[in-house]
Amino acid sequence: MKQTLNSHLSKLKHICSRQQLLELDYLVEEVEYKKQSYTAIVFYFEDKLYAYLNHCMHMQRRLDCQQDNVFDKERKRLRCSMHGFVFEPMTGECLSPVCMGQKLTALKVLEIDEQIYFSDKYVQMTR
Ligand code: FES
């Protein structure tokens, strides 16, 4: 049993502590996803943990390509700074007309003992 848990833990990729993420508001992490370079965004929303590729489907830009922020002013929606398209933080679904219903790529994340990890098999850390 312990061995199974250890082998499971060894596949997790440590990101940061819960406390660090709460202090930062959201975190941008360089990753490889399916062997391509991206950044990922990781954040809490209504006390739940989420992560997505930082990659707007509209014109293939980072959400923070024009501004150093991935949220709107009220921190209710994710927002791409290129053309202002907004996304539901809990699903990654685009709420703006051109890309309505398309979704940001969600990444699996876990919190264990106040530490946050990617548990997504397609994600590799680049640091
Ligand atoms: S590239 Fe994101 S809204 Fe246009």
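This is a predicted model: local features need pLDDT of at least 70, side-chain atom pairs count only at pLDDT 80 or more; totals for chains, interfaces and linings use all residues.

As a reminder to myself, strands of a sheet pair through backbone hydrogen bonds, in either a parallel or an antiparallel way.

Which strands make up the open sheet, and in what order? I noted three strands in the order S1-S8-S7, with antiparallel pairing. The edges are taken by S1, at residues 13–17, and by S7, at residues 109–112, each of which pairs on one side only. From one strand to the next, I read an average twist of 30°.

Next I turned to the chain as a whole, where I listed two helices and nine strands. Read from the N terminus, the elements follow the order α-β-α-β-β-β-β-β-β-β-β. The radius of gyration is 15 Å, close to the 14 Å that the globule rule gives for 127 residues, so I recorded the chain as being as compact as a globular protein of that length.

For its extent, I wrote down that the C-alpha trace spans about 50 × 30 × 25 Å along the principal axes of the chain.

How much of the chain is buried? I found that buried residues make up 25% of the 127.

Last, I checked the contacts with a separation of 6 or more, and 40% of these join residues 24 or more positions apart.

Technical notes: Residues are numbered from 1 along each chain as its sequence is written. Two strands pair if DSSP finds at least two bridges between them. Helices (H or I, at least four residues) and strands (E, at least two) are DSSP runs, numbered from the N terminus. Axes are lines fitted to C-alpha atoms, for helices over the stretch in contact, and angles run from 0 to 180 degrees between N-to-C directions. The radius of gyration is taken over C-alpha atoms; the globule rule is 2.2 Å times the number of residues to the power 0.38. A residue is buried if 20 or more other C-beta atoms lie within 10 Å of its own, exposed if 12 or fewer, and partly exposed in between; C-beta atoms are placed from the backbone. Two residues are in contact if their C-beta atoms, placed from the backbone, lie within 7 Å.
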